[in-house]
Amino acid sequence: MPKDKNHNGDDEFSLESILAEFGSPTADPEDPETPAPGGFDGWWEQEKEAPPPKEAEPAGPTLPPVKPPEPPRRPPAEPEESPEERDWREDTIPFPRYSPQREDPAPQKPSQSPKKPPSPPKEVPPKAEKAPKDSEGKVLEFPPNQNMTPDKLVAAKLAQLNRRADEFAGHMFEEEGTETDEAVRRAERLIPGVDEEEEAPPPVRERKPKKVQPPPPDVAPDELARRYAKGIKSLRLRAILVFLLLIPAAYLTLSETLPGFADRFVLPLPGPVLRCYLLAGCQGLAMVLGLDTIFEGLMRPFRRCTGMDTVTALANLFVLADALTLPALSGGSVERIPLCLAAALGLWCCMWGSLQKRRGQRLACRTAAAASEPYLVTRDEGKWNNRDTYVKWSGPVTGFGSQVQAPDGAEQIYRRMAPILIIACVLFSLISSLGRERLRDLLWCLGATFTASASLSATLCFGIPWRKLSARLSKSGAALAGWQGMVNTTGSSNLLLSDIDLFPAGSVSLNGVKIFGDWSIEKVVGLTATLIRDSGSGLEKVFHDLLRSQGAIYRRGGELAVYEGGGVSEVIRGEQVLVGSASFMVLMDVALPPGLKVKNAVFCAINGDLAGIFALNYHLPGTVPPALDSLIRNRITPVLATRDFNLIPSMLRQRFKLPVEKLEFPPVARRRELSDPDQSHSDTLTAVLCREGVGPYAEAVVGARRLRSAVRISAVLACLGSVAGALLSFYLTFVAAYASLTAANLTLFLLMWLVPTLLISGGVDRY
């Protein structure tokens with residue numbers, strides 16, 4: 001039997017002595033698996049005497065319950081220790097652990113079963129020694145060395161904790177970098193991942209995105225103008241013929257309604273039945289002449305762009321059907337007159353409005369195609385002072401044809417209003433006829449409600465002002481880029497004004513040249529023209545003409561600097577050249593001739609000495625003051641983004657009496673940034689200009705704002721009139737008021753709602 005050593009290795013202990021010391025009555029000293037029933041309350045307390053051993057019973061030994069001892073504190077490990085010491089140390093740690101199997105030279109006896117008699121001993125394979133257990137299966141640890149003091153135990157426990165912390169820290173970063181290992185990547189690719197099932201969220205109904213119709217093709221303005229010009233004559237002729245058909249329809253309608261009306265005319269008045277067929281014939285001819293308008297209105301719902309022309313087309317169909325079936329349903333005694341006059345009048349208004357719109361589009365496209373390199377006007381967001389700003393710049397006319405062909409503002413409003421009116425008219429007609437058990441009045445109810453809902457301003461609220469404004473702008477060389485360019489024209493905004501806007505080509509002329517010192521006129525003119533060109537001033541054309549007349553050439557300069565005082569400087573062939581106003585020369589300490597009384601001039605100094613003076617005459621065009629006034633009245637603030645150092649607010653106020661207190665004048669660096677020709681602009685065009693100057697520029701911007709407001713107001717009033725007509729006709733058809741809902745009264749009602757549109761449209765081009 002091998003002997004164990006204690007932790008210090010001084011004394012030797014045998015298994016028999018350990019079991020006898022803890023008082024095991026039935027412990028077999030030769031069986032290492034026999035549990036030791038003894039216990040202790042602490043190795044530092046006095047040991048209790050073990051009870052006398054008892055004879056073994058057939059049911060097996062019964063062990064008294066033993067209180068499990070507190071985990072002993074293990075002393076620090078020594079550098080070298082024997083296997084027996086390592087096994088003893090592992091058995092005395094706080095948590096039970098099993099040591100690797102080792103051979104035991106002593107023969108082992110099988111444990112006695114509590115229910116069966118002891119069997120003869122048999123050979124068992126060697127196995128690892130186990131710690132003694134009590135009757136409840138709890139592991140009892142062997143006591144540590146009794147010679148250790150509490151201080152040593154505390155030190156041993158701290159050493160054990162430090163060792164465990166070191167082991168944990170050593171394994172902390174073992175998996176670092178394994179995510180880039182090829183084996184790990186291969187496993188992630190081949191082994192499917194397993195996710196924990198989560199509770200399904202409640203279903204959320206997602207809105208189906210609206211189907212956006214593609215924009216019309218971008219056709220060149222000249223080609224688009226030819227397309228619009230093709231159908232104008234035909235449409236005008238057909239509209240005139242429809243208007244002529246309204247005259248007999250009005251005679252047949254008013255002769256019955258107004259007493260004594262037929263007595264003023266020589267024409268005989270037909271009977272009631274013949275009158276119905278004559279009215280139906282007039283309306284049928286009008287529908288044939290306006291077949292394209294009828295077909296376009298009926299096809300709109302299939303293209304998801306229902307409009308007021310759809311309501312007008314349905315009204316004409318129902319009224320014509322009512323006029324043809326009225327004599328048969330009434331049994332020969334016609335008590336009312338069909339509503340053919342009101343329905344045909346609505347058709348004529350649609351045709352006339354389409355004609356006016358087409359004429360306006362032809363004028364706009366023809367004006368936009370008049371110049372090879374026109375100016376484009378866009379409204380850039382937050383360009384100056386965090387507000388939208390109108391900017392004029394040169395570029396290709398891209399997107400103009402697509403914007404002109406896009407739907408106008410009235411059509412966009414009718415797209416939402418027309419379906420509601422159609423559904424309401426159908427429901428009102430069914431309630432008034434079938435709900436009142438008057439099936440024969442179904443066509444009359446449908447014709448009355450649809451005709452009252454078909455506003456005469458359907459196409460006129462945009463066609464008339466659009467044609468008038470296009471005609472005015474075409475005379476000044478401007479064209480609006482359709483309704484899309486007018487959408488963002490409300491509210492206060494800014495408008496950038498450059499040198500050529502205030503003083504176009506020909507407005508500034510040279511009044512005289514004076515050279516100082518020993519400088520040649522060719523050199524002074526060449527240096528001055530070079531700095532004027534490099535600074536981007538509006539005086540470039542004036543000095544370019546002077547340069548050619550004097551036989552001078554441009555010079556190559558560098559280090560261009562722009563000053564707030566009203567001048568520029570540049571180094572040309574090692575010489576410092578200054579060009580600016582008189583005040584700038586004073587700031588730069590350049591001596592000026594005494595008694596100088598030149599109001600507007602360009603001064604040139606070379607290396608600090610005055611070299612030349614170029615006197616200028618500014619002629620303000622007559623269109624500038626009224627253009628600025630119209631901009632200010634419409635809450636558009638002009639911003640002076642000029643590069644000519646002579647164009648300052650004080651000069652504009654003293655010489656030309658302009659309201660400079662209502663203009664904005666940014667710093668010189670910001671003015672150059674705003675007038676930079678390479679800056680980015682909006683993709684949506686507002687207008688196309690074919691002439692220079694602030695006149696066409698201001699007319700286009702102000703006209704776009706006025707047209708947008710007029711169309712919006714007219715379209716809203718037209719919708720209100722349609723709603724009022726639908727409700728009024730529903731009431732009259734519900735009570736079967738044939739005497740009140742006549743063709744003459746309904747026509748008068750529609751004409752009254754047309755008056756605001758005509759008044760609003762007439763004042764769009766008057767500003």
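**Sheet and nonpolar cores of the predicted model**

Strand β7 is joined to strand β12 (residues 609-618) by seven bridges, and the two run antiparallel; strands are DSSP runs (E, at least two residues), as helices are (H or I, at least four residues), numbered from the N terminus. The model is predicted: local features need pLDDT of at least 70 and side-chain atom pairs count only at pLDDT 80 or more, whereas totals for chains, interfaces and linings use all residues. Residues are numbered from 1 along each chain as its sequence is written, and side-chain values use heavy atoms, with hydrogens and water left out.

V513 has F614 of β12 as its bridge partner. Both strands belong to an open sheet of six strands in the order β7-β12-β11-β10-β9-β8, with antiparallel pairing; pairing requires at least two DSSP bridges between two strands. The edge strands, β7 (508-515) and β8 (558-563), each pair on one side only.

Helix α16 (residues 521-535) packs on this sheet and touches β7, β8, β9 (567-572), β10 (575-580), β11 (601-606) and β12, contact being heavy atoms within 4.5 Å. Helix α17 (residues 540-550) also packs on the sheet, touching β7, β11 and β12.

The largest nonpolar core holds 101 residues, of which F400, L480, F503, V579, Y618 and L652 touch the most other members. Such a core is a set of buried Ala, Val, Leu, Ile, Met, Phe, Trp, Tyr and Cys residues joined through side-chain atoms within 4.5 Å, buried meaning under 20% relative accessible area (1.4 Å probe, protein chains only). Helix α22 (residues 694-734) gives the most to this core, with 13 residues. Apart from this core lies another, of 47 residues, including V242, L355, A448 and L741.

Key. Buried means under 20% relative accessible area, exposed over 50%, partly exposed in between (1.4 Å probe, protein chains only). Axes are lines fitted to C-alpha atoms, for helices over the stretch in contact, and angles run from 0 to 180 degrees between N-to-C directions.
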